[in-house]
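Biologist: Could you walk me through this protein, starting from one residue and then stepping back to the whole fold?

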Amino acid sequence: MLTGGDFPKYRGRMEYVCLGCGQRYDIRELYYTCPKCSGVFVLEDTTFDSLAEFPPSYWQSLFDKRAATRTTGLRGIFRYHELTAPVVEEQDIVYLGEGHTPMVAANDALREKVGVPFFYKNDGQNPSASFKDRGMACAFSYLKHLVRANDWDSVLTVCASTGDTSASAALYAAYVGGPIKSAVILPKGKVTPQQLAQPLGSGATVLEVPGVFDDCMKVVEYLADNYRVALLNSKNAWRILGQESYAFEIAQWRAYDTYRTCVFVPIGNAGNITAIMGGFLKLKRLGIIPSLPRIFGVQSEHADPVYRYYSVAEAKKRRYEPVAVTPSVAQAAMIGNPVSFPRVKHFAEQYEKIGGPGSFQVIRVSEQDIIEGMLLANRHGHISCTQGGECLAGLRAAVTLGLVEPSEESILDATAHHLKFIGFQDMYYTNTFPPEYGITPRPEFVNAPETVISDDDKASLSPADYTAKAAQAVVTRLGLTGRG
Ligand SMILES: *Cc1c(COP(=O)(O)O)cnc(C)c1O
Ligand SMILES: [Zn+2]
């Protein structure tokens, strides 16, 4: 039997809650931001506390049991259906294999170099090769539910993107098909060739705008105000819900014990870090984890508005100001005016209230340290992207600052797959970074292919002689000695 009839019966009562003015809205309407004040929403299940009628052990074993389920709708992020979006019916769930991403421990050599034990959680092993799929699976499942409930005959989904949001949105739209079509708006020349190829391959309408992500975002905001489209940027509160699954998975993989655990997350639009904090807070509320892990947001010196805000120690003196970004190898996080900043504040406050001082912090790192963080990780068997490199740079900075102790274990978010960002690796290897990046390659990190035999030899020698000469060249290069 493929669907085992074990789909959860619990249905929550969900509402949009505006973080600007506090107004609540019905979820049957497709809202993106607050119609009254343009504030961002969080989605709240007003009957959530009824879940506490079951003891933590009930939830722990339920989620563990579902980790082996054959029920498709419970195989991905909806394994945590009751905590995620308990209004979505089984028939509407879109599952493309998202979630369940592995946590890979740093080997002895890397751990020694960094000075503390840590893991990479490889969210690049999601279907479109970034964590964005967690949120899209939720947003598209809810959208499918709305389309069915309202009998809509066509819906256009639109998003601005630093590359991965559009890759993910286009993939899920292509799969759902039917009335759902997708258009993506990209900053021209500011996404990697791989990220551009993804929505093109999924058949989305790809529209380019000169400028940076923040420019694209303004276009999308204009559309949101004036036209009927389903917006899939991370202001979309359904995406945030899906991304909470990252926190749930960490807790589950650590046997629901996150004591003395630190979680490092790169901050761009700040949707991911708020989802992760929100997810851990939910688990804590139900007692599923006894204590909160500490959260470290990481930003580049080239795009650091959240760092700047929290770098002022006294909360009352903090002031949020957008920054103008300069080119960053952590390109997917190269955002000067993060739309989810109000959510960060909202969740960080709750987080610190329960987790105490130091349970939420933001670290700033250099471009040089970000790219070398990625190179170092990958030379020790990881598949980290540049944003994952940013996390490693953040962990190393935290160790230097005495913020993380050797007795703590850290989990670093490799938010995308290495292959999406190989262009930056190539610039490092060939010393071709434009000066704005401020990156100088160091020989110990550089690697390049070596040609061992010439094209002329290939053309002039007999096949047997060519093979012998090529093999001899390899022997010489590797210093091989015969079998004796
Ligand atoms: C989107 C993205 C980020 C930034 O996440 P936010 O939720 O915008 O803070 C980081 N890394 C990768 C690979 C991304 O695609
Ligand atoms: Zn409002």
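**Around Gln299**

Modeller: Happy to! This is a predicted model. Gln299 touches Ile267, Gly268, Asp304, Pro305, Val306, Tyr307, Val362, Ile363, Arg364, Val365 and Glu390, leaving aside residues up to four places away in sequence.

Biologist: Which strand holds Gln299?

Modeller: We can look up its position among the strands. Residues 294-300 form one strand, and Gln299 is found there. The name you want is β11.

Biologist: Is Gln299 buried or exposed?

Modeller: A residue is called buried when its relative accessible area is under 20%. Gln299 has 0% relative accessibility, so the residue counts as buried.

Biologist: Which residue has its backbone nitrogen 3.0 Å from a polar atom of the Gln299 side chain?

Modeller: Two backbone atoms are worth looking at here. The backbone oxygen of Ala303 lies 3.4 Å from a polar atom of that side chain. The backbone nitrogen at 3.0 Å belongs to Tyr307.

**The whole protein**

Biologist: What percentage of the residues is buried?

Modeller: The count runs over the 484 residues of the protein. Buried residues make up 55%.

Terms used
Residues are numbered from 1 along each chain as its sequence is written. Chains are lettered from A and ligands numbered from 1 in the order in which they are written. This is a predicted model: local features need pLDDT of at least 70, side-chain atom pairs count only at pLDDT 80 or more; totals for chains, interfaces and linings use all residues. Side-chain values use heavy atoms; hydrogens and water are left out. Helices (H or I, at least four residues) and strands (E, at least two) are DSSP runs, numbered from the N terminus. Buried means under 20% relative accessible area, exposed over 50%, partly exposed in between (1.4 Å probe, protein chains only). A polar contact is a pair of N or O atoms within 3.5 Å; within protein, one must be able to donate a hydrogen and the other to accept it, and residues adjacent in sequence count only if both atoms are side-chain atoms. Contact means heavy atoms within 4.5 Å.
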